[in-house]
Amino acid sequence: MTATAPKAPATKAAAKATPAKKPQVAAKASAETASKPSTKPGAKPDAAAALAFAMPNFELPETLMPDGAIELAEKSLASARDTFAKTSASVEEQSAAIEKSIDCATKSAKDLNQKTMDAVKSNMDAGFNFLTDLMAVKSFSDAIELQTAFAGKQFETFSAQSKDLQESLTKGIEETSAPVKAAAEKTMESIKAA
């Protein structure tokens, strides 16, 4: 029995020493797991592993870049921005000119269509009137005289209608192309000025 009594106090001392060592062991184990990346598939890397594999920062200090190179880069960037702004403005002007040109073409086509329809109606009315008058003629000489007068009048009418349609078509083409032509000339002048 004497042997059992001394063992009891030794276990108490060992029990007291063990809790003091556990926090140190736990801290050491957590530091080891934090520095090692997880080998499990699908596991998320922790912050320490992310830092270990992060890309290095390659920023150059300003002292390594000569002042002339910085100024040249800034001028090039400013020039590129200016060119982009001018190009963008030119594209907007061209788009507006094309829209205006399409509007003019539509208006000219409607006008030309209306004049053509009026000419066709006028010619058909003149033809029906001629046929009505021709049916009322009593002699062959009156028919020839009526035919000659109708042909002369129709030739004059046809010439006037053709001239009117040609003028309308020419005016429509000029009005349609004018906005695009003006925008193109403005763009060329700005390119020459640059």
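Predicted model: local features only at pLDDT ≥ 70, side-chain atom pairs only at ≥ 80, totals over all residues.
View 1. Read along the sequence, that gives the pattern α-α-α-α. Helices here (H or I, at least four residues) and strands (E, at least two) are DSSP runs, numbered from the N terminus. Of the 194 residues, 9% count as buried; buried means under 20% relative accessible area, exposed over 50%, and partly exposed in between (1.4 Å probe, protein chains only). The accessible surface comes to about 16,100 Å², and 65% of it belongs to carbon and sulfur atoms. Those areas come from the Shrake-Rupley method with a 1.4 Å probe, and for residues, only the protein chains shown count as cover. Take the contacts in the protein with a separation of 6 or more: residues 24 or more positions apart account for 71% of them. A contact means heavy atoms within 4.5 Å.

**View 2. Residues 1-38 are where pLDDT stays under 50.** pLDDT is the predictor's confidence in each residue, from 0 to 100. For this stretch the model has seven contacts beyond four places in sequence. Across the protein the average pLDDT is 77, and 66% of the residues score at least 70.

**View 3. The largest pocket holds about 230 Å³ of space.** Of the eleven residues lining this pocket, Lys 86, Thr 87, Ser 90, Thr 187 and Ser 190 are the closest to its centre. Helix H3 (67-135) and H4 are the elements that give two or more residues to the lining. H3 gives the most, with six residues. By class, the lining has three nonpolar, five polar and three charged residues. Ala, Val, Leu, Ile, Met, Phe, Trp, Tyr, Cys and Pro count as nonpolar, Asp, Glu, Lys and Arg as charged, and the others, Gly among them, as polar. On a 1 Å grid over the protein atoms alone, a pocket is an open set of points where a 1.4 Å probe fits, with protein on both sides within 12 Å along at least five of seven lines; lining residues have an atom within 4 Å of a point. Grid points are joined across faces, edges and corners, and the volume is the space filled by probe spheres set on the points.

View 4. Glu 93 counts as partly exposed because its relative accessibility is 31%. Its C-alpha atom is separated by 8.9 Å from that of Thr 187, 94 residues apart along the chain. Ala 96 is found in helix H3 too, and with a relative accessible area of 44%, Ala 96 is partly exposed. Ala 96 and Val 180 are 84 residues apart in sequence, yet 8.8 Å apart in space, C-alpha to C-alpha.

**View 5. Ser 168 sits in helix H4 (residues 140-193) and touches Asp 111, Leu 112 and Lys 115.** Those touches leave out residues up to four places away in sequence. Buried or exposed, which is Ser 168? Ser 168 has 11% relative accessibility, so it counts as buried.

**View 6. Phe 130 and Leu 131 both have their place in helix H3.** Phe 130 counts as buried because its relative accessibility is 11%. Not counting residues up to four places away in sequence, Phe 130 touches Leu 146, Gln 147 and Phe 150. Leu 131, at 46% relative accessibility, counts as partly exposed. Leu 131 and Gln 147 are 16 residues apart in sequence and 9.7 Å apart in space, C-alpha to C-alpha.

How values were computed:
Residues numbered from 1 in each chain as written. Heavy atoms only, no water.
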